[in-house]
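Hi everyone, thanks for coming. Please have the sequence and the structure open while I talk, and stop me whenever you like.

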Amino acid sequence: MNVENIYTWSDKHKNKLKLLFTVLIYLSFLLTAFNFSSTLGDLKILGTEFKNTEFVEVNKYSNFKEFWILNFLDVLYLVSSVLLLSFSYFKLPHWLHSGLEERVIGSTVSIQILTVATLVIGIYSSVTSAAILDWFSPKADKFGYAQYNIDMIIFVLAVVFLGFVRHGMLSAKLHKQERDEYKENVTQLERVIRLAPPGKFASQLAHYGDILEDLSFDKFSKKGFDFLDSSDRKLSDWNDVVEEQQNTIRACLIAFSRLAGSYDNAPLGVGSELEYRANLMFNTDDDKLLKVLQEGKKHRDTFSIGLNSKPTFQLVLNSEYSVLVTTEDETIINELDATSDYEVKPFEKDNQICDAVFPVYIEKKTAPEDANSHSNKASVYNLFGAPESIYSCHPKFISDTDYFASRLHERGTPKPLAEAAINYYKSDVKGKSIVSLPLSTSRFLQSKLKPSSMNAVVNIYRNKSNLFLGDEDKFNTFCHLTLPLQISLSRLVVLHSAILLEKSNCS
């Protein structure tokens with residue numbers, strides 16, 4: 001049988017092999033111990049002269065040297081047996097070790113049996129102590145054999161010794177396993193406690209999730225589609241709809257900011273040293289939408305590599321889609337008792353935000369079977385955070401912007417871009433820690449995860465480093481928990497972009 005195929009055996013065959021191997025090991029030791037005790041028993045006639053001439057030349061050793069020479073094979077067998085046992089227990093593959101030994105020898109009952117066996121052999125030795133003393137003296141019967149079973153005493157002691165040693169080793173192993181399991185359980189418990197959000201986070205998440213779901217499927221969407229289908233539309237009506245939708249998006253951004261603050265268990269609002277902000281960046285490769293989003297104003301081109309290069313996508317930051325949490329009020333809607341309806345609360349834009357455009361560079365692979373994939377060559381030209389989240393189609397977490405900017409050169413970012421990033425984040429006291437969430441209306445299909453499917457990015461940031469305690473696991477958990485809200489907001493962004501383009505056409 002090929003040893004390489006041992007791992008293809010069924011568990012039943014493996015267990016039989018383990019049991020057989022364990023039995024053989026113990027039988028080998030028993031035979032070794034018996035041979036050992038018998039050999040030592042021969043020492044009783046060391047230097048003995050027998051009166052019976054028939055036995056004068058039988059088992060006579062004039063000195064220890066002669067004894068070891070004549071019993072060289074026995075000694076060699078004993079040494080090799082001990083080495084074999086040591087090798088068997090410590091060097092053989094894990095799949096040859098049986099759990100039977102741990103359950104039997106490692107049990108608490110075995111130590112009691114070994115203790116009783118030691119006590120019994122001690123009692124026997126006490127009863128025959130005079131004969132044992134005679135054994136050490138150069139005396140023997142006419143046949144040259146021990147008169148009081150000293151061979152059996154040595155054999156039992158050897159077996160008991162093995163039992164004690166193996167029990168101690170297995171007990172230590174079991175205790176180590178218990179300690180390791182305990183440490184693992186403690187580690188898992190600490191991780192659960194560390195990742196568990198504060199009590200109010202769950203209720204906030206459910207509340208905001210319910211509102212955003214209703215907005216994306218009913219109030220916001222229905223009103224937007226009804227307006228697009230209407231034939232009697234004035235410019236003032238367009239402005240009202242756009243402003244109402246902008247305020248609704250700001251309310252959603254407030255929800256994301258507050259959820260991040262709650263997950264951090266941080267105080268929010270007046271008097272707090274921590275300032276939580278959020279903004280929405282539209283992702284587009286449409287020059288017309290880009291022009292509409294810029295609203296005729298000059299937007300700063302941030303981190304462009306120049307050389308007449310055209311980015312694949314552009315992330316447009318318009319200050320109308322930015323918020324700062326300034327109050328302790330957690331609600332984002334007002335209930336209208338008279339109509340059993342609600343309206344979105346008014347939220348002001350963040351006046352400290354400057355309009356900007358961030359490029360996203362993507363170099364397509366030439367393989368026709370993988371048209372949606374892209375190489376990693378262009379990634380060095382994308383700023384971390386929002387551009388990288390569009391490039392990878394996955395959320396990005398920057399726990400300390402100053403630290404990340406200082407290490408851009410390590411990933412191959414050109415020196416001018418790296419220096420620009422360092423200067424930008426050193427001067428920007430608002431965003432010392434950033435979470436970038438790319439938005440798309442569907443993420444459950446791998447084919448949907450491509451940059452062209454990402455319609456925007458939500459950036460959540462604060463004025464102190466180590467958002468979410470700088471913990472990647474907490475960040476990932478937050479992203480998973482807020483995914484339904486991200487999809488709802490993505491639907492709002494798609495409709496809002498359509499309204500902006502249609503308004504431009506009508507104008």
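A word on the ground rules. This is a predicted model, where local features need pLDDT of at least 70, side-chain atom pairs count only at pLDDT 80 or more, and totals for chains, interfaces and linings use all residues. Residues are numbered from 1 along each chain as its sequence is written, and side-chain values use heavy atoms, with hydrogens and water left out. When I say helix or strand, I mean DSSP runs numbered from the N terminus: H or I of at least four residues for helices, E of at least two for strands.

Let's start with strand S6, residues 356-360. Strand S3, residues 313-324, runs antiparallel to S6 and is joined to it by five bridges; strands pair if DSSP finds at least two bridges between them. Within that pairing, Leu315 stands opposite Phe358.

Leu315 turns up again when we look at strand S1. Phe282 lies in S1 and is buried, at 1% relative accessible area. Leaving out residues up to four places away in sequence, Phe282 touches, among others, Leu315, Tyr321, Val493 and Ser497, where contact means heavy atoms within 4.5 Å. Which residue is 175 residues from Phe282 in sequence, yet 6.6 Å away in space, C-alpha to C-alpha? That is Val457.

Asn283 is also in S1. Is Asn283 buried or exposed? With 10% relative accessibility, Asn283 counts as buried. Its side chain has a polar atom 2.7 Å from the backbone oxygen of Met454, and one 3.3 Å from the backbone oxygen of Pro451. Beyond neighbours within four places in sequence, the contacts of Asn283 include Phe313, Leu315 and Ile390.

Now the helices. H10 (residues 287-294) and H15 pack at about 90°, with axes 10 Å apart; axes are lines fitted to C-alpha atoms over the stretch in contact, and angles run from 0 to 180 degrees between N-to-C directions. H10 and H15 are therefore roughly perpendicular (65 to 115 degrees; under 35 is roughly parallel, over 145 roughly antiparallel, the rest oblique). Lys288, Leu289, Val292 and Leu293 in H10 meet Ser497, Leu500, Leu501, Ser504 and Asn505 in H15.

H15 (residues 483-506) also packs with H14 (residues 472-481), at about 55° and with axes 4 Å apart. That makes H14 and H15 oblique to each other. Here Cys479, His480 and Leu481 in H14 meet Leu483, Pro484 and Gln486 in H15.

Last, the loops. Asn265 is in the loop between H9 and S1, and has a positive phi of about 55° although it is not a glycine. Asn265 is exposed, at 60% relative accessibility. Leu469, in the loop between S9 and H14, has a positive phi of about 60° and is not a glycine either. Leu469 is exposed too, with a relative accessible area of 66%.

Thanks, and I'm happy to take questions.

Conventions. Buried < 20%, exposed > 50% of the residue type's maximum accessible area, 1.4 Å probe, protein only. Polar contact = N/O pair within 3.5 Å; in protein donor to acceptor, adjacent residues only side chain to side chain.
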